[in-house]
Amino acid sequence: MSIQEPNLEQLRYPIGTFKKPEIITNETLQQWIADIEALPALLSKAVEGLTEEQLLLPYRPDGWTVRQTINHVADSHANAFIRFKLALTENTPTIKPYEEHLWAELEDGKNAPIEWSLTMLEVMHKRWVMLLKSMTDAQFEHQFMHPETKHLNALRTVTGMYSWHGKHHTAHITELRKRMGI
């Protein structure tokens, strides 16, 4: 029996897309917080032992390189952390979107050592998790507005989105390594 190569959709979404549960229980929320807490170590393990040449491999055709992916996660989660703080301290703020694909093409997105972003994630996630663990049920209901989608985003749901986001990009790297045998 031959092994079937993944299609583009499977390469883009190796763990599937984020699906918001109908009801977000406290157990689910606590698992999402644990996922966010674990991400820096899991991402570090995913890239452990990769050479500089391997960091230049894209995780899919026309996709970001491993280096860009790591640097993107740091950029994305920095934005998420700030969005949480805005939603907790302002009345339904409208957040500032950013062009993540263009950020990934900037010099630091393409060429910064991954250790910088891994260190950034480690330290930032400690603060973010401290904040998440201190939040009340009412605070998890605070929202921000995304100006492009016009959606109100409750922090309870956003926690799940970033739990998924970290696992999503970690899987890009681990699945690439499996396919390439590296």
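Tutor: A helix axis here is a line fitted to C-alpha atoms over the stretch in contact, and angles between axes run from 0 to 180 degrees between N-to-C directions. Keep in mind that the model is predicted.

The part is helix 2, residues 26-47. Start with its length. At 1.5 Å a residue, its 22 residues should span 32 Å; the end C-alpha atoms lie 32 Å apart, so the two agree. Helix 2 has a kink of about 45° at Leu39, shortly before the proline Pro40. Just after the helix, Gly49 has a positive phi of about 80°.

Now the buried side. Leu39 and Pro40 are both buried, and so are Leu29, Trp32, Ile33, Asp35, Ile36, Leu43, Ala46 and Val47. In an α-helix, residues three or four places apart point the same way, because there are 3.6 residues a turn. The buried residues of helix 2 pack against helix 3 (66-89), helix 6 (114-134), helix 7 (137-140) and helix 8 (155-180).

Take helix 6. Its axis is 8 Å from that of helix 2, at an angle of about 165°. The pair is therefore roughly antiparallel. The crossing is left-handed. Helix 2 makes the contact through residues including Leu39, Pro40 and Leu43; on helix 6, Leu118, Leu121 and Trp128 are among the partners.

Helix 6 also meets helix 3. Their axes come within 9 Å and cross at roughly 25°. That angle is under 35 degrees, so helix 3 is roughly parallel to helix 6. This crossing, too, is left-handed. Its contact residues include Phe81 and Phe84 of helix 3, with Leu118, Leu121 and Trp128 of helix 6.

Key: Residues numbered from 1 in each chain as written. Predicted model: local features only at pLDDT ≥ 70, side-chain atom pairs only at ≥ 80, totals over all residues. Heavy atoms only, no water. Helix = DSSP H or I, 4+ residues; strand = E, 2+ residues; numbered from the N terminus. Expected span 1.5 Å × (residues − 1). Bend = angle between axes of the 7 residues up to and from the residue. Buried < 20%, exposed > 50% of the residue type's maximum accessible area, 1.4 Å probe, protein only. Contact = heavy atoms within 4.5 Å. Parallel < 35°, antiparallel > 145°, perpendicular 65-115°, else oblique. Left-handed = near helix turned anticlockwise from the far one by under 90°.
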